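Biologist: I am new to this one and would like a guided tour. Could you show it to me before we talk?

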Amino acid sequence: MSKLGKVLQQLIYESDKHMTAEEIFLLCKEKELKISLASVYRVLNTLVDEGHIRKVSISDGSDVFDKSTEDHGHLVCSCCKKVTDVYIEDFKLILSQLTGKEVDSYHLNMEYICEECNSRKEKKNGKQIRRN
Ligand SMILES: [Zn+2]
Ligand SMILES: [Zn+2]
């Protein structure tokens, strides 16, 4: 693995979030690493190709990078795009039984509205009611 690959992998492993390439780029800047956004993209894609990390596509959002390469699904807030891991026991087995095929891997995104976005919405609605 390249030196930059090791550095970026370390950043991802230390974070408890699923970060976009832009967020990883900003983190590099914070740590005063000299790397361009284009290089961040290139190195991240190499790490994905080599199986060190996983790329998760978010609808209407940027791809995020995941330190866990184990099979799992994601809860995605359709409002703020926050991503939470969901581990479903025996899900591959269930899928195999459903399809009658031996399922090797799966990508599962579930959309919801997170608690913060929900309460923000309620506050907003509350104000509107008071104004009327
Ligand atoms: Zn949210
Ligand atoms: Zn994940």
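Modeller: The protein has five helices and six strands. Please keep in mind that this is a predicted model.

Biologist: What pattern does the protein follow along the sequence?

Modeller: Read in that direction, the pattern is α-β-α-α-β-β-β-β-α-β-α.

Biologist: Into which domains is the protein divided?

Modeller: Domain 1 covers residues 1–69 and domain 2 covers residues 70–132. Seven residues from domain 1 and seven residues from domain 2 take part in the contact. The C-alpha centres of the two domains lie 22 Å apart.

Biologist: Let us turn to the core. Which residues touch the most other members of the largest nonpolar core?

Modeller: That core has 18 residues, and those touching the most other members are Leu-8, Ile-12, Ile-24, Val-40, Leu-44 and Phe-65. At least two residues of this core come from each of helix H1 (3–14), helix H2 (21–30), helix H3 (37–49) and strand E3 (64–66).

Biologist: Phe-65 interests me. What does Phe-65 touch, not counting residues up to four places away in sequence?

Modeller: With those left out, Phe-65 touches Ile-12, His-18, Met-19, Ile-24, Leu-44, Ile-53 and Lys-55.

Biologist: Ile-24 brings us to H2. Which residues of H2 are buried?

Modeller: Ala-21, Ile-24, Phe-25 and Cys-28 are buried in H2. Seen down the helix axis, the buried residues of H2 fall within an arc of 105 degrees, so they line one face of the helix.

Biologist: What covers the buried residues of H2?

Modeller: The cover includes H1, strand E1 (19–20), H3 and E3.

Biologist: And which exposed residues does the face turned away from the buried side of H2 carry?

Modeller: That face of H2 carries Glu-22, Lys-29 and Glu-30. Just after H2, Glu-32 takes a positive phi of about 55 degrees.

Biologist: Now for the strands. How many bridges join E4 to E5, and do the two run parallel or antiparallel?

Modeller: Strand E4 (residues 73–77) and strand E5 (residues 83–86) are joined by four bridges and run antiparallel. Gly-73 has Val-86 as its bridge partner in E5.

Biologist: What lies between the strands in the hairpin of E4 and E5?

Modeller: Five residues lie between these strands, and Lys-81 in this hairpin takes a positive phi near 65 degrees.

Biologist: In which sense does E4 pair with E6?

Modeller: E4 pairs with strand E6 (residues 109–112) in the parallel sense, over four bridges. In this pairing, Leu-75 stands opposite Met-110 of E6.

Biologist: One more helix, then. How many residues of H4 are buried?

Modeller: The count is zero among the nine residues of helix H4 (residues 91–99), which is hardly covered. Gly-100 follows H4 and has a positive phi, near 70 degrees.

Biologist: Finally, what share of the contacts between residues at least 6 apart in sequence join residues at least 24 apart?

Modeller: The share is 50% for this protein.

Methods
Residues are numbered from 1 along each chain as its sequence is written. Chains are lettered from A and ligands numbered from 1 in the order in which they are written. This is a predicted model: local features need pLDDT of at least 70, side-chain atom pairs count only at pLDDT 80 or more; totals for chains, interfaces and linings use all residues. A nonpolar core is a set of buried Ala, Val, Leu, Ile, Met, Phe, Trp, Tyr and Cys residues joined through C-beta atoms within 7 Å. A residue is buried if 20 or more other C-beta atoms lie within 10 Å of its own, exposed if 12 or fewer, and partly exposed in between; C-beta atoms are placed from the backbone. Two residues are in contact if their C-beta atoms, placed from the backbone, lie within 7 Å. Two strands pair if DSSP finds at least two bridges between them. The arc is that of the directions from the helix axis to the C-beta atoms. Domain bounds come from an automatic or database domain assignment.
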